[in-house]
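My entries follow, in the order I looked things up.

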Amino acid sequence: MSVLHRAWAGIGRQFASAVEAPPGAAKRWWLRLIVALGLAAFFIPIGRLRLIDGDEGYLLQAARLVSEGKRLYTDFFYPQMPFWEHVYGACFWLFGRGWYCARLLSSLIAVGTGLVILEILLRACRRKCWAAVGAAVYLITGLVGGWFTIAKPFGLTAFLLSLGVLLLEAAQTPLVVACGGLAFALAVECRLYVVVAFPCALLFLLRRHGISRRGLKFVAALAAGALAGALLLLPYVFRDWHNFAFGNWTYHSIREFGQTGFINNLPNKKNTLLSVFYLDGKGRLPGSLQFLGLTVAALVALLSPFSSRNRLTSYLWFALFLVSLVPSPTDPQYFCLLVPFLVVETVVAFASLRGWKAWPLLVVLAIPYVILGVRDLKRYVVTGEGVPGVLLKDRVARWSIPTILTVAQKIDAANQPMGASWWPGYFVTTRTPIISTLANDFGFRAAPRLSQKERRRIGIVTHDEVVGMMNQHMPHLFVEGNWASWPAAGYLPGKGYRLIDSFQNVKIWVAP
């Protein structure tokens, strides 16, 4: 065996021994297998049937471009951190571009998060029954099926944060702490504001080990893991710092009309809080009542004298709650990242009741919780009620995957070298590429605030510049459908474009 092989083998043995397994862990393989199969049997169909979220259009279009060798931020505008796109771009490169391929990956990641929750609870409660309850609560929570099974960064971010929690709470050596720090760093590279996980981890380690030699070694290991993850950002920082900073910071401070920073639009933040806590009288949703219940249970766990005073999950859900209010505008979907940690805290709260009191109460509350979860999931896969982008039942067909795939076939049937649309999701699976300046529809929000020189550098256009593209018949093909901009879309016939095909709400125009 070579020196390198011996070194890797030694690291593997050290890692395996460092994560101290709870008593009887070797006999729990059957529990893990049953939970994994149950989660997969639930999440995979949900992922296939869940109505399309509008943001998936630009996210999967970016994954396509990455899989084709294009560079984030430099070759096209991208307003998020890069790690998620490289994971899904790699999936497209390996298995081919596809909506169902991306949804399957998201569903499997959601299964992984459920298994991590199971492991956290096996350690926290030391009983298989409570760990199984946690996995079941996670499965039936509407925010999980609604947001972790689609092609958005929430699912991967939640998995990496949960994995980091498991590693840090189980760690007995600096190596495992460093791996936890790496998992947190990769989560930050999916969604920037979850950087609050690091001060939570620092507080957890210092409270567990104190200002001691061991404690400082663990803190240094956490920092080392974070720096190892940060190395993945260096290519973007050195290649195109301007566009990288714009996509991940500046854009989010100017994306809304009149916005001049992050801590503003307080009425929006107030309405979001009312919505997530089931206090919005206009449109109360079943998932919001579930979220309210989980939050109350998490607060009980936080204050209970029978539960541990130093739990990373309790720090993390509270910190994520605060930072979920920072983006402007704030959206209720951001709070789905709290769910894995609220579930852990909820189970800890019930387990801390001890004796016979916990189970009858759990059974009484489980029935309405399951009903709420089923009703909430029905919104995401059937009715579209309150689902961003869909909202109404008569729009369900236009936001379904089969409709988008049919439109993609019609685009390719037009046999044009390049196309354009106000929503890039139509081009995720086509042979026909989309023009790069329209690969991200969110560029329209910031474009009026920038000079022409800045727009060209970043790779975005205004609606007026799209009309200028029509004047030049560049590109020859335009798709008018979801999120089409008016009056710009209405100019197509007058600019010489001819309607060659239509389906649902989509019209395909081609210039002579």
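Over which residues does pLDDT stay under 50? I found residues 14–21. The model has 18 contacts beyond four places in sequence for this stretch. pLDDT is the predictor's confidence in each residue, from 0 to 100, and contact means heavy atoms within 4.5 Å. Where pLDDT is low, the predicted coordinates should not be read in detail.

Ground rules next. This is a predicted model, so I note that local features need pLDDT of at least 70, side-chain atom pairs count only at pLDDT 80 or more, and totals for chains, interfaces and linings use all residues. Residues are numbered from 1 along each chain as its sequence is written, and side-chain values use heavy atoms, with hydrogens and water left out.

Then I checked overall confidence. The protein averages a pLDDT of 91, and 93% of the residues score at least 70.

Overall form. I looked up 21 helices and 4 strands; these are DSSP runs (helices H or I, at least four residues; strands E, at least two), numbered from the N terminus. The C-alpha atoms fill a box of roughly 75 × 55 × 45 Å along the principal axes. The radius of gyration is 24 Å, which agrees with the value near 24 Å for a compact globule of 512 residues. That radius is taken over C-alpha atoms, and the globule rule is 2.2 Å times the number of residues to the power 0.38.

Packing. Of the contacts with a separation of 6 or more, 70% are between residues 24 or more positions apart. Buried residues make up 56% of the 512. Buried means under 20% relative accessible area, exposed over 50%, partly exposed in between (1.4 Å probe, protein chains only).

Most residues other than glycine have a negative phi, and most peptide bonds are trans. I found a cis peptide bond between Ser328 and Pro329, with omega about 0 degrees. Pro329 sits in the loop between helix H15 (312–323) and helix H16 (339–351). Another cis bond joins Met474 and Pro475, with omega about 10 degrees. Pro475 is in the loop between helix H21 (463–471) and strand S2 (477–480).

Trp483 is not a glycine, yet its phi is positive, about 60 degrees. I placed Trp483 in the loop between S2 and strand S3 (498–503). Is Trp483 buried or partly exposed? Trp483 is partly exposed, at a relative accessible area of 36%. Gln504 also has a positive phi, near 50 degrees. Gln504 lies in the loop between S3 and strand S4 (506–510).
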